[in-house]
Amino acid sequence: MEQKPVFVKLDEYKTIVTLLEALKAHVENAKQTLGQIHKLKQEEDVELEIWHTVVSEIEKRMDFVDSSLTQPEELE
Amino acid sequence: MAKKAPKNELFFIKISDPKTVRKHLLEASQHVVEGMKSYEKYKKIKAQKLQKLHELKKTFEEIKVVAGQLRACLPTIKGIPEAVQEKKMPHITEIELEQLDKEIQKLEEELRLLQ
(Lines give C-alpha, C1' and ligand atoms only; values in the text may rest on other atoms or scores of the structure.)
Protein backbone atom coordinates (compact mmCIF):
# COMPACT_ATOMS: atom_id res chain seq x y z
CA MET A 1 0.00 0.00 0.00
CA GLU A 2 1.52 3.33 -1.06
CA GLN A 3 2.26 5.67 1.82
CA LYS A 4 0.90 9.14 1.28
CA PRO A 5 2.93 12.10 2.51
CA VAL A 6 1.82 13.74 5.74
CA PHE A 7 1.86 17.52 6.13
CA VAL A 8 2.00 19.32 9.46
CA LYS A 9 0.76 22.89 9.89
CA LEU A 10 3.60 25.36 10.51
CA ASP A 11 2.37 26.49 13.96
CA GLU A 12 2.13 22.93 15.11
CA TYR A 13 5.49 22.14 13.55
CA LYS A 14 7.14 24.75 15.80
CA THR A 15 5.37 23.23 18.81
CA ILE A 16 6.48 19.76 17.74
CA VAL A 17 10.09 20.87 17.43
CA THR A 18 9.94 22.51 20.88
CA LEU A 19 8.40 19.38 22.38
CA LEU A 20 11.03 17.21 20.72
CA GLU A 21 13.77 19.35 22.22
CA ALA A 22 12.13 19.07 25.64
CA LEU A 23 11.84 15.30 25.22
CA LYS A 24 15.50 15.01 24.27
CA ALA A 25 16.50 17.02 27.33
CA HIS A 26 14.41 14.82 29.63
CA VAL A 27 15.82 11.65 28.10
CA GLU A 28 19.35 12.95 28.57
CA ASN A 29 18.51 13.81 32.18
CA ALA A 30 17.14 10.31 32.71
CA LYS A 31 20.31 8.79 31.26
CA GLN A 32 22.49 10.83 33.61
CA THR A 33 20.39 9.93 36.64
CA LEU A 34 20.54 6.25 35.69
CA GLY A 35 24.31 6.50 35.48
CA GLN A 36 24.45 8.04 38.96
CA ILE A 37 22.17 5.32 40.34
CA HIS A 38 24.38 2.65 38.80
CA LYS A 39 27.45 4.23 40.41
CA LEU A 40 25.75 4.41 43.82
CA LYS A 41 24.71 0.78 43.51
CA GLN A 42 28.35 -0.15 42.90
CA GLU A 43 29.37 1.80 46.00
CA GLU A 44 26.75 -0.11 47.97
CA ASP A 45 28.19 -3.39 46.71
CA VAL A 46 31.67 -2.29 47.84
CA GLU A 47 30.37 -1.70 51.36
CA LEU A 48 28.67 -5.11 51.34
CA GLU A 49 31.98 -6.72 50.42
CA ILE A 50 33.64 -4.89 53.30
CA TRP A 51 31.05 -6.34 55.66
CA HIS A 52 31.71 -9.84 54.35
CA THR A 53 35.41 -9.37 55.08
CA VAL A 54 34.72 -7.84 58.50
CA VAL A 55 32.45 -10.71 59.52
CA SER A 56 34.97 -13.24 58.30
CA GLU A 57 37.80 -11.58 60.25
CA ILE A 58 35.73 -11.39 63.43
CA GLU A 59 34.82 -15.03 63.05
CA LYS A 60 38.48 -16.05 62.75
CA ARG A 61 39.47 -14.20 65.88
CA MET A 62 36.50 -15.44 67.83
CA ASP A 63 37.32 -19.02 66.84
CA PHE A 64 40.78 -18.55 68.34
CA VAL A 65 39.43 -17.02 71.54
CA ASP A 66 36.76 -19.70 71.73
CA SER A 67 39.30 -22.48 71.41
CA SER A 68 41.53 -20.84 74.04
CA LEU A 69 38.73 -20.64 76.55
CA THR A 70 36.91 -23.88 75.93
CA GLN A 71 39.89 -26.14 75.49
CA PRO A 72 42.00 -25.19 78.48
CA GLU A 73 45.14 -27.01 79.52
CA GLU A 74 44.46 -29.65 82.06
CA LEU A 75 45.47 -28.91 85.60
CA GLU A 76 48.16 -31.09 86.98
CA MET B 1 16.46 -32.01 106.55
CA ALA B 2 16.66 -30.38 103.19
CA LYS B 3 19.95 -30.26 101.47
CA LYS B 4 21.49 -26.86 101.19
CA ALA B 5 21.85 -25.63 97.69
CA PRO B 6 25.51 -25.67 96.75
CA LYS B 7 27.19 -22.32 96.70
CA ASN B 8 28.14 -21.00 93.32
CA GLU B 9 31.43 -22.62 92.71
CA LEU B 10 34.17 -20.61 91.14
CA PHE B 11 36.10 -22.02 88.23
CA PHE B 12 39.34 -20.72 86.93
CA ILE B 13 40.58 -21.50 83.47
CA LYS B 14 44.16 -21.04 82.53
CA ILE B 15 44.67 -19.07 79.35
CA SER B 16 47.92 -20.30 77.92
CA ASP B 17 48.58 -17.32 75.68
CA PRO B 18 46.72 -14.34 77.20
CA LYS B 19 48.56 -11.80 75.09
CA THR B 20 47.40 -13.34 71.84
CA VAL B 21 43.87 -13.83 73.14
CA ARG B 22 43.70 -10.18 74.15
CA LYS B 23 45.17 -9.16 70.82
CA HIS B 24 42.51 -11.18 68.97
CA LEU B 25 39.77 -9.66 71.09
CA LEU B 26 41.01 -6.15 70.41
CA GLU B 27 41.33 -6.83 66.68
CA ALA B 28 37.81 -8.25 66.64
CA SER B 29 36.55 -5.09 68.34
CA GLN B 30 38.42 -3.05 65.76
CA HIS B 31 36.68 -4.94 62.95
CA VAL B 32 33.32 -4.45 64.61
CA VAL B 33 33.87 -0.69 64.67
CA GLU B 34 35.00 -0.76 61.03
CA GLY B 35 31.83 -2.65 60.17
CA MET B 36 29.71 -0.09 61.97
CA LYS B 37 31.49 2.74 60.15
CA SER B 38 30.90 0.96 56.84
CA TYR B 39 27.21 0.58 57.73
CA GLU B 40 26.87 4.32 58.31
CA LYS B 41 28.43 4.92 54.90
CA TYR B 42 26.06 2.37 53.35
CA LYS B 43 23.06 4.14 54.88
CA LYS B 44 24.19 7.42 53.36
CA ILE B 45 24.70 5.85 49.92
CA LYS B 46 21.30 4.17 50.10
CA ALA B 47 19.62 7.50 50.93
CA GLN B 48 21.35 9.11 47.94
CA LYS B 49 20.26 6.20 45.72
CA LEU B 50 16.64 6.53 46.84
CA GLN B 51 16.79 10.25 46.10
CA LYS B 52 18.10 9.56 42.59
CA LEU B 53 15.41 6.92 42.01
CA HIS B 54 12.79 9.47 43.00
CA GLU B 55 14.31 11.98 40.55
CA LEU B 56 14.29 9.33 37.80
CA LYS B 57 10.65 8.58 38.44
CA LYS B 58 9.81 12.28 38.12
CA THR B 59 11.80 12.50 34.86
CA PHE B 60 9.90 9.51 33.45
CA GLU B 61 6.63 11.18 34.36
CA GLU B 62 7.74 14.35 32.58
CA ILE B 63 8.77 12.29 29.52
CA LYS B 64 5.33 10.68 29.52
CA VAL B 65 3.60 14.08 29.60
CA VAL B 66 5.74 15.57 26.81
CA ALA B 67 5.39 12.44 24.65
CA GLY B 68 1.63 12.67 25.08
CA GLN B 69 1.64 16.33 24.05
CA LEU B 70 3.79 15.45 21.05
CA ARG B 71 1.45 12.69 19.93
CA ALA B 72 -1.48 15.08 20.30
CA CYS B 73 0.25 17.56 17.97
CA LEU B 74 0.90 15.01 15.27
CA PRO B 75 -1.90 14.43 12.75
CA THR B 76 -3.94 11.28 12.96
CA ILE B 77 -3.89 8.94 10.03
CA LYS B 78 -7.12 7.66 8.50
CA GLY B 79 -8.00 4.16 9.43
CA ILE B 80 -7.03 4.31 13.08
CA PRO B 81 -10.15 3.83 15.21
CA GLU B 82 -11.13 6.66 17.57
CA ALA B 83 -10.57 4.45 20.55
CA VAL B 84 -6.87 4.15 19.76
CA GLN B 85 -6.33 7.89 19.62
CA GLU B 86 -4.95 9.45 22.72
CA LYS B 87 -7.51 10.25 25.34
CA LYS B 88 -7.08 12.15 28.52
CA MET B 89 -6.29 9.71 31.26
CA PRO B 90 -9.28 9.26 33.55
CA HIS B 91 -8.90 9.91 37.20
CA ILE B 92 -6.92 7.13 38.66
CA THR B 93 -9.18 4.34 39.74
CA GLU B 94 -6.93 1.45 38.69
CA ILE B 95 -3.43 0.54 39.77
CA GLU B 96 -0.84 2.74 38.02
CA LEU B 97 0.93 -0.28 36.54
CA GLU B 98 -2.25 -1.54 34.88
CA GLN B 99 -2.76 1.91 33.33
CA LEU B 100 0.75 1.88 31.92
CA ASP B 101 0.17 -1.61 30.49
CA LYS B 102 -2.97 -0.40 28.73
CA GLU B 103 -1.11 2.57 27.31
CA ILE B 104 1.60 0.29 25.98
CA GLN B 105 -1.03 -1.87 24.30
CA LYS B 106 -2.57 1.22 22.65
CA LEU B 107 0.80 2.33 21.32
CA GLU B 108 1.55 -1.16 19.99
CA GLU B 109 -1.82 -1.19 18.23
CA GLU B 110 -1.06 2.20 16.66
CA LEU B 111 2.32 0.99 15.46
CA ARG B 112 0.80 -2.19 14.06
CA LEU B 113 -1.70 -0.16 12.03
CA LEU B 114 1.06 2.06 10.70
CA GLN B 115 2.92 -0.91 9.19
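**Two chains and their interface**

Reader: Across the interface of chain A and chain B, how many residue pairs are in polar contact?

Author: The model discussed here is a predicted one. Across the interface of chain A and chain B, with both residues of a pair at pLDDT 80 or more, the number of residue pairs in polar contact is eight.

Reader: Which classes of residue make up the side of chain A that touches chain B?

Author: Sorted by class, this side of chain A has seven polar residues and eight charged residues. The remaining class on the side that touches chain B is nonpolar, with 22 residues.

Reader: How many residues of chain A are in contact with chain B, and how much area is buried between the two chains?

Author: On the side of chain A, 37 residues are in contact with 37 residues of chain B. Carbon and sulfur atoms give 76% of the area buried between the chains. That buried area is about 3500 Å².

Reader: Which residues of chain A lose the most area to chain B?

Author: Three residues together account for 17% of what the side of chain A buries. These residues are E44(A), W51(A) and R61(A).

Reader: What secondary structure does each chain have?

Author: Chain A has zero strands and one helix. Chain B likewise has zero strands. Its helices come to two.

Reader: Which residue of chain B forms a salt bridge with R61(A)?

Author: The pair crosses between chains, and R61(A) lies in helix α1 of chain A. Its partner is in helix α1 of chain B, which covers residues 18-73. The closest N and O atoms are 2.7 Å apart, and the partner is E27(B).

Reader: Is R61(A) buried or exposed?

Author: The relative accessibility of R61(A) is 14%. A residue counts as buried under 20%, so R61(A) is buried.

Reader: Which residues are linked with R61(A) in a network of salt bridges?

Author: Within chain A, the side chains of K60(A) and E57(A) meet in a salt bridge at 3.4 Å, N to O. Both residues lie in helix α1, three residues apart, or about one turn of the helix. E57(A) is buried, with a relative accessible area of 18%. The residues linked with R61(A) in the network are E57(A), K60(A) and E27(B).

Reader: Where do E28(A) and K31(A) lie, and is each of them exposed or partly exposed?

Author: The side chains of E28(A) and K31(A) meet in a salt bridge at 4.0 Å, N to O. Both lie in helix α1 of chain A, three residues apart, about one turn of the helix. With a relative accessible area of 38%, E28(A) is partly exposed.

Reader: Which residues does H26(A) contact, leaving aside its neighbours within four places in sequence?

Author: H26(A) is found in helix α1 of chain A, which covers residues 10-70. Its relative accessible area is 18%, so H26(A) is buried. With those neighbours left aside, its contacts are T59(B), E62(B), I63(B) and V66(B).

Reader: Which residues are in contact with I63(B), leaving aside its neighbours within four places in sequence?

Author: I63(B) is placed in helix α1 of chain B. It is buried, because its relative accessible area is 17%. The residues in contact with I63(B) are L23(A), H26(A), V27(A) and A30(A).

Reader: Which residues does I37(A) touch, not counting residues up to four places away in sequence?

Author: I37(A) lies in helix α1 of chain A. Its relative accessibility is 10%, so I37(A) counts as buried. Beyond the residues not counted, I37(A) touches K49(B), K52(B), L53(B) and L56(B).

Definitions and conventions:
Residues numbered from 1 in each chain as written. Chains lettered and ligands numbered in written order. Predicted model: local features only at pLDDT ≥ 70, side-chain atom pairs only at ≥ 80, totals over all residues. Heavy atoms only, no water. Helix = DSSP H or I, 4+ residues; strand = E, 2+ residues; numbered from the N terminus. Contact = heavy atoms within 4.5 Å. Buried area = accessible area lost by both parts, 1.4 Å probe. Polar contact = N/O pair within 3.5 Å; in protein donor to acceptor, adjacent residues only side chain to side chain. Nonpolar A, V, L, I, M, F, W, Y, C, P; charged D, E, K, R; others polar. Buried < 20%, exposed > 50% of the residue type's maximum accessible area, 1.4 Å probe, protein only.
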